Amino acid sequence: METAAPTDVEPPEPRWLAFAALLATAGLNAALPEALSVGPRWLLPATIVALLLPSLISHRMGSHALNQIVGTVTNALITCGLVGSLILLVVALPGKKESPIELLRSAAALWATNILVFALWYWRLDADGPRARFERGGHTEGAFLFPQMTLIVKSADSPDWRPGFVDYLFLAFNTGTAFSPTDTPVLSPWAKALTMFQSVIALTTVAVLVSRAVNIL
């Protein structure tokens, strides 16, 4: 006798938050002055928006390997642009080539980009990505030990919790502001390297803001 399909199965994680984060990074890069952009100011934002199309198509078609490759390439381009712009910002600081307001605005844009792109990295790489986490069901192993994972281990219920993009955004925000992941221990070597890299970028950005503030006083 056939059994009815379960109706309480959770749907796959919606991707619109990740797409919104990518669009936000494109907007933040477009807001940078030409002197602090790696290449023409329009190039990186246009590339990000252009890569959103194959990412969306591959996701809709179920080609998850291609979607993962496109997402990784997009994140890598944003990260390279972020590091390049930060270097240009540090170089411009002693020469005072940009106005104080422009430097502060650029540093704030880079700080926000840092949080968004590393949230995308963590979301994309942890436990083989969002699709693999969904297919696996409950999230009991990964590069990060979320507090919910410890509750799952102690609970007799089925482990049906898994992290979403907001969880990784929260992790990236804490790493970018407190220079540590706070309530989420980092377990794997690649994740430790990424969080250290993010902390260095955030610390450099904050140092630029403090230096400019001291100069203004």
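Biologist: Which residues does asparagine 75 touch, not counting residues up to four places away in sequence?

Modeller: Happy to start there, keeping in mind that this is a predicted model. Asparagine 75 sits in helix H3. Its relative accessibility is 3%, so asparagine 75 counts as buried. Leaving aside residues up to four places away in sequence, its contacts are Leu22, Val117, Leu120, Trp121 and Arg124.

Biologist: Helix H3 also holds isoleucine 69. Is isoleucine 69 buried or exposed?

Modeller: Isoleucine 69 belongs to helix H3, which covers residues 64–95. The cut-off for the exposed class is a relative accessible area over 50%. Isoleucine 69 has 52%, so this residue is exposed.

Biologist: Which residues form a nonpolar patch on the surface with isoleucine 69?

Modeller: The patch has about 330 Å² of accessible area, counting its members together. Alongside Ile69, those members are Leu66, Val73 and Leu77.

Biologist: Let's turn to the rings. Why is the pair of tryptophan 123 and phenylalanine 165 edge-to-face?

Modeller: The structure holds ten aromatic pairs. In the pair of tryptophan 123 and phenylalanine 165, the ring centres are 5.9 Å apart. Planes over 60 degrees apart count as edge-to-face. The pair gets that name because its planes lie at 85 degrees.

Biologist: How many residues apart in sequence are the parts that tryptophan 123 and phenylalanine 165 tie together?

Modeller: Tryptophan 123 is in helix H4 (residues 100–125), whereas phenylalanine 165 is in helix H7 (residues 165–178). Both of these residues are buried. Their pairing therefore ties together parts whose separation in sequence is 42 residues.

Biologist: Where does phenylalanine 144 lie, and where does tryptophan 190 lie?

Modeller: Phenylalanine 144 and tryptophan 190 make an edge-to-face aromatic pair, with 6.1 Å from centre to centre and 85 degrees between the planes. The pair ties together parts 46 residues apart in sequence, because phenylalanine 144 lies in the loop between helix H5 (130–136) and helix H6 (147–154), and tryptophan 190 lies in helix H8 (residues 189–216).

Biologist: Finally, how many helices and how many strands are in the chain?

Modeller: Along the sequence, the pattern reads α-α-α-α-α-α-α-α. The chain has 217 residues, and 41% of them count as buried. Its tally is zero strands and eight helices.

Notes
Residues numbered from 1 in each chain as written. Predicted model: local features only at pLDDT ≥ 70, side-chain atom pairs only at ≥ 80, totals over all residues. Heavy atoms only, no water. Patch = residues over 30% accessible without salt bridge, like charges linked within 9 Å, V, L, I, M, F, W, Y side chains within 5 Å. Areas by Shrake-Rupley, 256 points an atom, 1.4 Å probe, with all protein chains shown as cover. Salt bridge = Lys/Arg side-chain N within 4 Å of Asp/Glu carboxyl O. Helix = DSSP H or I, 4+ residues; strand = E, 2+ residues; numbered from the N terminus. Buried < 20%, exposed > 50% of the residue type's maximum accessible area, 1.4 Å probe, protein only. Phe/Tyr/Trp six-rings, centres within 6.5 Å; stacked < 30°, edge-to-face > 60°. Contact = heavy atoms within 4.5 Å.
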